[in-house]
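Subject: Handover of a structure and the findings on it

Dear colleague,

Please find the structure below, together with its sequence. After it, I set out what was found.

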Amino acid sequence: MKTVEPLSVTEPLLNELRTLAAPSMLAAVIRVIAAELGAGFTGTLCSYTAEFKEGAREGDTVQIALEALDATGGDRAFKVYFSKGDKFGRIGAWNMVYGDLPPGRPLPWDLTQAAVDGRTDHDLWRSQATVATGDLSADSQALLWLAGQSARAYMKRLDQEFAAATPVADDLDASIYGGIHVTATMTRRPAPGHTLNAAMQSHLPLTRQPKADRRMVFNGVWVASAGDSSELLGTFRFTVARLSGQRQSIFPSGTTERR
């Protein structure tokens with residue numbers, strides 16, 4: 001394991017919760033690993049998992065450490081830790097796998113048909129177009145942002161629908177939805193100029209779910225579109241935690257105890 005140049009948390013690196021954003025960390029991870037792999041490496045990012053336990057705020061200095069892991073089939077694997085003080089890896093811990101990606105394949109249905117089939121929710125896609133640049137760091141950040149925003153928006157909507165039928169003990173307008181874990185697997189890199197979307201798998205309303213929890217897992221796919229064609233870029237699983245305005249973990253009812 002080796003340490004690399006620390007990251008100073010500035011305003012452009014923050015998310016809407018005013019903590020270090022996951023896409024900002026991902027950009028740093030990609031930069032650190034690119035330096036480790038060197039210019040001669042011909043592979044690309046294939047998959048990653050990341051977990052976040054504590055936020056870093058503007059003005060903080062975050063230490064970064066890189067560890068090489070064992071991998072198979074010619075892949076290269078790393079773990080990158082983001083730490084503050086003696087809290088090793090609590091800001092973020094990223095497991096990254098680099099290698100060769102197989103050729104992309106077209107989706108068996110386009111985005112319009114996916115929405116009609118109920119397999120995804122068009123309203124949760126980012127309203128303004130996100131266009132691929134061909135740069136690994138920029139496109140990876142955009143895809144992670146899409147997944148996180150879609151998952152948080154979906155969870156908030158589920159809570160609002162729940163509150164419309166069931167009195168809750170917390171102010172939903174003050175609720176915070178934080179991403180705490182993400183798993184991503186890529187099938188290909190997007191071509192420059194293609195439009196990027198995150199399509200979410202549908203969830204039952206909270207009143208019909210067998211277990212209402214403080215956190216929920218959202219599965220989805222990343223899609224690149226050009227004209228009438230769509231291609232699968234990868235899949236993701238994003239875990240979101242529900243917090244009160246005082247950043248206390250709560251259930252859908254707005255209490256700290258399951259009802």
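A cavity, as the word is used here, is a set of grid points where a 1.4 Å probe fits but cannot get out, and its lining residues have an atom within 4 Å of a point. Please bear in mind throughout that the model is a predicted one.

**Cavities**

There are 2 cavities of 30 Å³ or more. The second largest cavity holds about 30 Å³ of space. Its lining consists of Val168, Asp170, Leu172, Ser175, Arg242, Ile250, Phe251, Pro252 and Gly254. Sorted by class, this lining has 5 nonpolar, 2 polar and 2 charged residues.

The largest cavity has a volume of about 40 Å³. Around the largest cavity stand Leu45, Tyr48, Ser140, Leu143, Leu144, Met186, Arg189 and Trp222. By class, they divide into 6 nonpolar, 1 polar and 1 charged. Strand β2 (44–51) and helix α3 each supply at least two residues of this lining, and the largest share, 3 residues, comes from α3.

**The largest pocket**

The volume of the largest pocket is about 670 Å³. It is lined by 33 residues, of which Leu17, Thr19, Phe52, Gly178 and Gly179 are the closest to its centre. Which elements each supply at least two residues of the lining of this pocket? They are α1, α3, β7 and β10. The lining comprises 16 nonpolar, 9 polar and 8 charged residues.

**The sheet**

An open sheet of 10 strands runs in the order β1-β3-β4-β5-β2-β7-β10-β9-β8-β6, and its pairing is antiparallel. At the edges stand β1 and β6; each has a single partner strand, so one side of each is left without a neighbour in the sheet.

Towards the end of the listed order, β8 pairs with β9 (residues 215–226) in the antiparallel sense over 6 bridges. β8 also pairs with β6 (residues 130–131), again in the antiparallel sense, over 2 bridges. Thr195 can be followed into both of these neighbours: its bridge partner in β9 is Ser225, while Val131 stands opposite Thr195 on the β6 side. Is strand β8 largely enclosed or largely open? Of its 6 residues (195–200), 5 are buried, so β8 is largely enclosed by the rest of the structure.

Thr130 lies in strand β6. With a relative accessible area of 6%, Thr130 is buried, because a residue counts as buried under 20%. Leaving aside residues up to four places away in sequence, Thr130 touches Ala142, Leu146, His194, Thr195 and Leu196. Thr130 and Asn197 are 67 residues apart along the chain, and their C-alpha atoms are separated by 7.3 Å.

**Salt bridges**

Side chains of opposite charge can pair when their charged atoms come close. The count for this model comes to 10 salt bridges.

One of them joins Glu16 and Arg152, with 3.3 Å from N to O. This pair links distant parts of the chain: Glu16 is in the loop between β1 (2–8) and α1 (22–37), and Arg152 is in helix α3 (residues 136–165), 136 residues away. Glu16 is partly exposed at 47% relative accessibility, whereas Arg152 is buried at 18%.

Another salt bridge connects Glu161 and Arg157, at 3.8 Å from N to O. Both residues lie in helix α3, 4 residues apart, which is about one turn of the helix. Glu161, at 42% relative accessibility, is partly exposed, and Arg157, at 26%, is also partly exposed.

A further salt bridge is that of Arg188 with Glu231, whose closest N and O atoms are 2.3 Å apart. Arg188 is in the loop between β7 (176–186) and β8, and Glu231 is in strand β10 (residues 229–243), so the pair ties together parts that are 43 residues apart in sequence. Arg188 is buried, with a relative accessible area of 18%. Finally, Glu11, Arg18 and Glu58 are linked in a network of salt bridges.

Yours sincerely,
A colleague

Conventions. Residues numbered from 1 in each chain as written. Predicted model: local features only at pLDDT ≥ 70, side-chain atom pairs only at ≥ 80, totals over all residues. Heavy atoms only, no water. Buried < 20%, exposed > 50% of the residue type's maximum accessible area, 1.4 Å probe, protein only. Pairing = 2+ DSSP bridges. Salt bridge = Lys/Arg side-chain N within 4 Å of Asp/Glu carboxyl O. 1 Å grid on protein atoms, 1.4 Å probe; cavity = no way out; pocket = protein on both sides within 12 Å on 5 of 7 lines; lining within 4 Å. Points joined across faces, edges and corners; volume = space filled by probe spheres on them. Nonpolar A, V, L, I, M, F, W, Y, C, P; charged D, E, K, R; others polar. Contact = heavy atoms within 4.5 Å.
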